[in-house]
Amino acid sequence: MDDQRHEDERFMAAAIRLSRWHLGATGSNPSVGCLIVKDGVIVGRGVTARTGRPHAETQALADAGEAARGATAYVTLEPCSHQGKTPPCTEALISYGVARVVVAATDPDPRVSGRGLGMLAAAGIEVVAGVLEAQAETQLEAYMNRQRRKRPQVTLKLAVSVDGMIGREDGGQVAITGREARAQSHILRAESDAILIGIGTVLADDPELTCRLPGLEDRSPVRVVLDRRLATPLSSKLVAGIREGHPLLVAGSPDVDGGRRTALETAGVEVLDITGPDYQILLEMLAGRGISSLIVEGGRRAATAFLAQELVDRIMLFSSDIVVGEDGIASPVTRDNLPEGFKLRMEAVFGADRLREYIKA
Ligand code: AOF
Ligand code: ZN
């Protein structure tokens, strides 16, 4: 590999690492990373701001200031060419006098797609596209998925005991994984836009579904409950969390008695009308609100429904050495019983537990 290509890949890898910083925290916008490099030295850095603006490039350029003149900009996603809520990043790159722009992935957003690269080239800037494209696509996969398929990327998260169980029939909470694995699942929450469970799990476990890692509480996902009869208790921790700033959506039937609906709405719940258990429609509604990534976190019914409707794109399977025994609830997925078409992408150890990530080919 020639020296230039090698240097481009090295800085792009750093830009991709930087882009992870705001994953799941930029609203409908992807979390993009940008580095401005001059004579082999990073002179400016930026990552898409929380809630989505300003974009990565304008922040990196402001950080570099005059040093951006004649420099190379490394951007994980094609710079935008549209006049959105902020002026296009291509214009900023041109006016700061950047000499080269190296891009990893092109932007499927129809307002941008290819036009960003074209505008830069037309201004006499050397444009190199496709550097570490596959890695950037993986980093941006939730956003790419929403743009291309008009629905969020769905991750099924399961914690499975050594005897293949995810809980106990009597409803008591069973700690299947340990502290380290739980912390990792909270990182997953921080990096996701939304998290979903069924009403059965609400009633059995009264979960919060927030990210409770110190300092990351405000990275909690939007919480969604599948609750046909609108039975989510007003006294639940989910409802209490609304006052702490964690939105709660309840997807239920429009036929339910209006009193229930009003009570939930008064408590700050947003009720989504879904007429049946067709979750493709629900996913489209979530995508329409800018949600690109969704974790399905329980229980067995919700997991089974999403699997049966072939709406799962990724499985995060935590496994432990705990034995649940006789009255256990069997997991719809185990290492030896994967749904068709899933392939292992990553395997890691967290304390005494193991995480395997499977992705649909
Ligand atoms: C960039 N740099 O850091 C990001 C980009 O609503 P707007 O105006 O903020 O535009 C959203 C679109 O901007 C989004 O769909 C995607 O095409 C692009 N995101 N572009 O140049 C960034 N986050
Ligand atoms: Zn932009």
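Student: Looking at the largest cavity, which of its 17 lining residues lie nearest its centre?
Tutor: First, this is a predicted model, in which local features need pLDDT of at least 70, side-chain atom pairs count only at pLDDT 80 or more, and totals for chains, interfaces and linings use all residues. Residues are numbered from 1 along each chain as written, chains are lettered from A and ligands numbered from 1 in written order, and side-chain values use heavy atoms, leaving out hydrogens and water. A cavity is a set of points, on a 1 Å grid over the protein atoms alone, where a 1.4 Å probe fits but cannot get out, and its lining residues have an atom within 4 Å of a point. Of the 17 residues lining the largest one, those nearest the centre are L23, G24, N29, P30 and S31.

Student: Now the metal: which residues coordinate the zinc ion (ligand 2)?
Tutor: Look for donors, meaning N, O and S atoms within 2.8 Å of the metal (3.2 Å for Na, K and Ca). Here they sit at 2.0 to 2.2 Å from the zinc ion. One is an ND1 atom and the others are SG atoms, and they belong to H55, C80 and C89.

Student: Are H55 and C89 buried or exposed?
Tutor: Relative accessible area decides this: under 20% is buried, over 50% is exposed, and anything in between is partly exposed (1.4 Å probe, protein chains only). On that scale, both H55 and C89 are buried.

Student: How many of the nine residues of α6 are buried?
Tutor: Go through the helix and you'll find E141, A142, Y143, M144, N145, R146 and Q147 on the buried list. That is why α6 is largely enclosed by the rest of the structure: of its nine residues, the buried ones number seven.

Student: And which residue just after α6 takes a positive phi?
Tutor: Step just past the end of α6 and check the backbone angle. Phi there is about 55°, and the residue is K150.

Student: What is the omega of the cis peptide bond from R53 to P54?
Tutor: You'll find P54 in the loop between β2 and α2. The bond from R53 into P54 is cis, with omega near -5°.

Student: Where is G299, which a cis peptide bond joins to G298?
Tutor: Omega for the bond joining G298 and G299 is about -5°. As for its place, G299 is in the loop between β12 and α12.

Student: What does D39 count as, exposed or buried?
Tutor: D39 lies in the loop between β1 (33–38) and β2, and its phi is positive, near 50°, although it isn't glycine. Its relative accessibility is 74%, so D39 counts as exposed.

Student: How far apart in space are Q309 and D278, C-alpha to C-alpha?
Tutor: Q309 sits in the loop between α12 (300–308) and β13 and is partly exposed, with a relative accessible area of 28%. In sequence, Q309 and D278 are 31 residues apart. In space, their C-alpha to C-alpha distance is 8.0 Å.

Note on methods: Helix = DSSP H or I, 4+ residues; strand = E, 2+ residues; numbered from the N terminus. 1 Å grid on protein atoms, 1.4 Å probe; cavity = no way out; pocket = protein on both sides within 12 Å on 5 of 7 lines; lining within 4 Å.
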